[in-house]
Amino acid sequence: MSLAGRTDKPAAQPVPVRIGGFGGAAALADFLKAGGYDLLTDATHPFAERISANAAFAAETTGIAAIALRRPEWHRRPGDRWREVQSIPAAIEALGPSPRHVFLATGRQGAHHAEAAPQHHYLVRSVDPVEPPLALDNVDYVLERGPFTLDGECDLLRQHHIDVIVAKNSGGAATYAKIEAARLLGIEVMMVARAPAPIVKAVDTVEAALAVIDHLFPPAMKRGV
Ligand SMILES: NC(=O)c1ccc[n+]([C@@H]2O[C@H](COP(=O)([O-])OP(=O)(O)OC[C@H]3O[C@@H](n4cnc5c(N)ncnc54)[C@H](OP(=O)(O)O)[C@@H]3O)[C@@H](O)[C@H]2O)c1
């Protein structure tokens, strides 16, 4: 397993882990060849666009089999008050000129975009602290790693008088509770849409990924992934 090294204390994994960038797509291709890998599985976050593009390029140029694990997007349900936007800056702009209480649930990497609209009160949630802190007067931070619960999210939104959430359409269950909580409390969501993904065979679930792997490498010939 390869991690980018963004979080200080990554969750423990039951497989060998390497940490840090490869140095670009060509370097990733070299890494795969040198390691004798048979398969690359892109299991990165749907908004980690560069590494997914690099992974697709590296698989293509080396001829190594590749699959992507892409959790389905969330879809609007009755009661949802979503505005779909194309980026975090577009979401911040869409908040409008009047001061609002904004839950910025997009992680620390995009949080600095809030500085473009300092009139709002922000609640920023991330796994690790936002460094440097945002150049804003009205900002609270909460350090927390998902999964999150519906009750917990409702409490957080009420406690901070949130009237709008900025969220990425990440999909999956771990961070969906804030979307459900917004629906229950009638809170607007600026939903940042995903960019088109690179063309790699994609599956929705870990089970489907394992089935593809078994198909590509029937158990008798498996040498390791
Ligand atoms: N973006 C999000 O919203 C988000 C949310 C939760 C978790 N994550 C996870 O955090 C990691 C970084 O996300 P990002 O949005 O910064 O990625 P990114 O913009 O797509 O990638 C930037 C660079 O970080 C390195 N990198 C990214 N993922 C890597 C990995 N798994 N192993 C080794 N190097 C990696 C690569 O460096 P080199 O070019 O030097 O190889 C890549 O070019 C990803 O693994 C992603 O799954 C991202």
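The questions below go from the overall fold to the ligand site and then to single elements.

Reader: Into which domains does the assignment divide the protein, and how many Å separate their centres?

Author: This is a predicted model, with six helices and eleven strands. The domain assignment gives domain 1 (2–70 + 197–221) and domain 2 (81–192). Taken over C-alpha atoms, the distance between the centres of domain 1 and domain 2 is 29 Å.

Reader: How many residues does domain 1 give to the contact with domain 2, and how do they divide by class?

Author: Domain 2 brings five residues to the contact, and domain 1 brings five residues. On the side of domain 1 that touches domain 2, the classes are two nonpolar, two polar and one charged.

Reader: What share of the residues of the protein counts as buried?

Author: The C-alpha trace spans about 60 × 35 × 30 Å along its principal axes. Among contacts between residues at least 6 apart in sequence, 63% join residues at least 24 apart. Of the 225 residues, the share that counts as buried is 25%.

Reader: Which element gives the most residues to the shell around the ligand?

Author: The ligand is surrounded by 20 residues, and the closest are Ala4, Gly21, Thr44, His45 and Arg50. Two or more residues come from each of β1 (2–3) and α2 (49–62). The most, four residues, come from α2.

Reader: From which domains does the shell around the ligand draw at least three residues, and what is its make-up by class?

Author: By class, the shell around the ligand has seven nonpolar, nine polar and four charged residues. At least three residues are drawn from each of domain 1 (2–70 + 197–221) and domain 2 (81–192).

Reader: Why are the buried residues of α4 said to be on the same side of the helix?

Author: In helix α4 (residues 150–159), the buried residues are Glu153, Leu156 and Leu157. They lie on the same side of α4 because the arc they cover around the axis is only 95 degrees.

Reader: What do the buried residues of α4 pack against, and which residues are exposed on the other side?

Author: On the other side of α4, the exposed residues are Asp151, Asp155, Arg158 and Gln159. The buried residues of α4 pack against β6 (101–104) and α5 (177–185).

Reader: Which residue just after α4 takes a positive phi?

Author: The phi in question is about 50 degrees. The residue that takes it, just after α4, is His161.

Reader: Is Ala25 buried or partly exposed?

Author: Ala25 belongs to helix α1 (residues 25–35). A residue counts as buried if 20 or more other C-beta atoms lie within 10 Å of its own. Ala25 has 19 within 10 Å, so Ala25 is partly exposed.

Methods: Residues are numbered from 1 along each chain as its sequence is written. This is a predicted model: local features need pLDDT of at least 70, side-chain atom pairs count only at pLDDT 80 or more; totals for chains, interfaces and linings use all residues. A residue is near a molecule or strand if its C-beta atom, placed from the backbone, lies within 6 Å of it. Ala, Val, Leu, Ile, Met, Phe, Trp, Tyr, Cys and Pro count as nonpolar, Asp, Glu, Lys and Arg as charged, and the others, Gly among them, as polar. Domain bounds come from an automatic or database domain assignment. Two residues are in contact if their C-beta atoms, placed from the backbone, lie within 7 Å. A residue is buried if 20 or more other C-beta atoms lie within 10 Å of its own, exposed if 12 or fewer, and partly exposed in between; C-beta atoms are placed from the backbone. The arc is that of the directions from the helix axis to the C-beta atoms.
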